[in-house]
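Hi everyone, thanks for coming. I'd like to walk you through one structure today, so please have a look at the screen.

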Amino acid sequence: MWSHGPAICHPGSVQVLLLTSAEDLDCTPGFQQKVFHIDQPAEFIEDQAILNLIFSDCKGNDKLHYEVSSPYFKVNNDGSLVALRNITAVGKTLFVHARTPHAEDMAELVIVGGKDIQGSLQDIFKFARTSPVPRQKRSIVVSPILIPENQRQPFPKDVGRVVDNDRPEGSKFRLTGKGVDQEPKGIFRINENTGSVSVTRNLDRETIATYQLFVETIDVNGKTLEGPVPLEVIVIDQNDNRPIFREGPYIGHVMEGSPTGTTVMRMTAFDADDPATDNALLRYNIRQQTPDKPSPNMFYIDPEKGDIVTVVSPALLDRETLENPKYELIIEAQDMAGQDVGLTGTATATIMIDDKNDHSPKFTKKEFQATVEEGAVGVIVNLTVEDKDDPATGAWRAAYTIINGNPGQSFEIHTNPQTNEGMLSVVKPLDYEISAFHTLLIKVENEDPLVPDVSYGPSSTATVHITVLDVNEGPVFYPDPMMVTRQENISVGSVLLTVNATDPDSLQHQTIRYSVYKDPAGWLSINPINGTVDTTAVLDRESPFVHDSVYTALFLAIDSGNPPATGTGTLLITLEDVNDNAPFIYPTVAEVCDDAKNLSVVILGASDKDLHPNTDPFKFEIHKQTVPDKLWKISKINNTHALVSLLQNLNKANYHLPIMVTDSGKPPMTNITDLRIQVCSCKNSKVDCNAAGAPHFSAAAVLLLSLFSLARL
C-alpha cells in the first residue's frame, strides 16, 4: 500500500518518487495523500462531500483539473469529492487524476466493503497494494510511475525521480530496458546525477500499455554498484478511441407476427480503450428508425448487450400491411457507460420482416372457359390466382392439381414461375366425336404449408369448362398398312384388293374418293369410288423398285369437306417368285498356255436372279453340236460351279466354247453363253497372246480368279 504521508528515506536506500518538475525537494508535486480508505455507506448522497483531496503542483495550481474513474463522482475546485447522484454500488476502488500544465498525479480511494462491478480498477493501473518489499542490503525498492497517455507539449517532461541518499560520490544512475536502449528507443531517459526520470514524447496506451525499465547505479568506469532493479512505467488510459462496429453489414430477420420481445439480432461494437475502465464500457441505443410506420419504436436495443428485440404487438408486425418489410436502424454505441462525455460510433442495422404462409392462394374467379380444336395439343387457358404473401417465397408460389374430370389424363397443369398462373394444357388430342365438352375441377395450394390457424377455403378451387371444336379430319385407312401377297408376272388388270377408309367426322356424312399417291414402278391403279386396286403392268419381283420381295405403294383418301381433308394409306405387296430368269455364267473369257502341263482352263460359276428352288443346283454342259468331243471337257465341282479343261495342248489361237447352263426350276430355264478361250505362247515366264488377237489373260490368272469366286460361295 502506498504511504499516507511523505516518503521516508533511509540511509543506504534508493527510492523512486512520483514527481513532476520538482526543482525544490521541499515541495513535492502531487497529492499530499495518495491512498484513502472509505467505508461503503448504504448510499452515497448526491452533492454530499465524501472527503477532501489536497493536490499541489508547487506552481500555484493554475488550471487545475480533476478526473474521476467513475462517471458518478466529481471533484470540486476545493478538492472535495462528491457524488453526482444518489448511488449505492460503485465498486471496490476509485481513482482521482489531478493535472495542471506543470504536474499531474493519481490518488487511490479504497471502498471498504464495496463490491466489484466491472473488474478491479486497481488491476487496471497495476498499483502495488502492498507495503514496500523489505530489501536486503543495498537493494533498490521502487514504485511504478504512472503516466497518462496523450500528454501535451512541452517534452521532455519529468515523471519521477530516483533518489539514493547513500550513493557513493562520483557514481551515476543508469536506465535501461524497452523504451530506453531497446526499441522503441529514446522514450525515457534519466538524469545520471539527479535521478530525475523523464518522458520525451506522448504515449499511446493502445500501442504499449506498460514499460518494464531497470535502474542501477554505476561507478565512473561503468561498473554496476547497485541494481538493476525493475521500474515499471504504467500508461494511464485516456478516452481517445471511439467505439467502432467491425462486423458489418448487420442484417437481421424476424418472422412476421412474432411475439413481442423476440430477439432479432445482436450488435456488438469494439472500443480500443482499456476494457477494464469506463473508457471502453459501451452502451447502445437506437438513434433512428426508417421507416417510422406503423410505429416509430418498432424495436428496442438492450443498452448493455446490444440485443435488438421487437417491442410492438404481433398484429403490427404484419408483413402484408407494412409500408415496407425492411427497416433500417441507426445504432449508436457510446463509451463512458453512455454518459454525455462519452465518444460515440454508429452503424446501420437492416431488419427484414420475413413472410410466413398466412394467406392462402385464391382464384380470381370461380369458373374459367377454354376452347380447343380436336386433335390439337398445348396450353388452352391460364388460371389466375391472388396471394398476399411474399412473391420470393414458397408461401406465394402456387401448385395446381386437377382433382376431377381428367380420367384419360388428357390434361396437365403447370405453374408459370413468373406470373404464378396455372397453365392448363391438352397433352392428348381430344376427339369432338367422342366428347365435345369437358369439365375440370382444379385446386391450388402453396409450395409451403400454411400456418396452423389458416386453411384453404372454397376460393382455392375453380372449375374449367372446355369446349372442343369440330375440325374436318382426314379419312383413316383400316388396316394401315394394308398387305397382300401375289405371284409376280400375274396378268395385267388383276385385282389386288379393295381399300377401306372411314371418315372420323361421323356426324358430317361426307363422301370419300381415292387416288394413287406413290406408285414408284407405275404398276397400279385405284377405283376413285370403291377403292379397288388392280394392276396396270406386270409385277416383277426382280425390279429395282422391289425390296426384299416387297413392293410399297401409297394411296390417298379424300373427303368432301370444305376444305377437303386427306388421309394416307400404305399398301405392301409381297411378290412370290416364279422361274422367269435364266441362269448365267461367269467368267466368259479365259487363257491357257500352248505348252501347259496342267490342262485345266477355268472354273465357271453360275447365278440366277430368281429365288430358291428356281436357282441351283445348276447343270453345266458343252453344246456338243458345234464342238468336237476330243478337245474339251467340263466337270461339276458343286451345285454352282464347274471346271473347264483341255484334253490335249492346242496351238496358239482363239477358241469359242458354247457353255449351256440350266437351273432347277419347274419348268427349268437354260442359257447358252460363249466362253472365249485364248491359247497363248508362254516362253521364259512371258505370256504372248498377240498372235491370238485377244486381250492378255493368263490361264493361271483366270483359274485363280475362278477359284476365288468359288471360295466365296
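A quick word on the ground rules. This is a predicted model, where local features need pLDDT of at least 70, side-chain atom pairs count only at pLDDT 80 or more, and totals for chains, interfaces and linings use all residues. Residues are numbered from 1 along each chain as its sequence is written, and side-chain values use heavy atoms, with hydrogens and water left out.

So, the overall picture. The protein has two helices and 51 strands; these are DSSP runs, H or I of at least four residues for helices and E of at least two for strands, numbered from the N terminus. Of its 713 residues, 43% count as buried, meaning under 20% relative accessible area with a 1.4 Å probe, protein chains only. Take contacts, that is, heavy atoms within 4.5 Å: among those between residues at least 6 apart in sequence, 67% join residues at least 24 apart.

Now the cysteines. How many disulfides does the model have? If we ask for a pair of cysteine sulfur atoms within 2.5 Å, the count is two.

One of them joins Cys-593 to Cys-682, with an S to S distance of 1.9 Å. Cys-593 belongs to strand E44 (residues 589-593) and Cys-682 to strand E50 (residues 670-683), so this pair ties together parts that lie 89 residues apart in sequence. Its S-S torsion is about -80°, so the disulfide is left-handed. Cys-682 is buried, at 15% relative accessible area.

Cys-680 and Cys-689 form a disulfide too, with the sulfur atoms 1.7 Å apart. Here the torsion about the S-S bond is about 105°, so this disulfide is right-handed. Is Cys-680 buried or exposed? Cys-680 is buried, at 1%, and Cys-689 is buried as well, at 2%.

Last stop, a sheet. Three strands make an open sheet in the order E27-E31-E30, with antiparallel pairing; two strands pair if DSSP finds at least two bridges between them. Strands E27 (378-383) and E30 (411-415) stand at the edges with a single partner strand each, so one side of each has no neighbour in the sheet. Neighbouring strands here are turned by 30° against each other on average, direction ignored, using lines fitted to C-alpha atoms as axes. E30 and E31 (residues 422-426) pair over five antiparallel bridges, and Glu-412 stands opposite Ser-425 in E31.

That's my tour; over to you for questions!

Methods:
Buried < 20%, exposed > 50% of the residue type's maximum accessible area, 1.4 Å probe, protein only. Axes fitted to C-alpha atoms, helices over the stretch in contact; angles between N-to-C directions.
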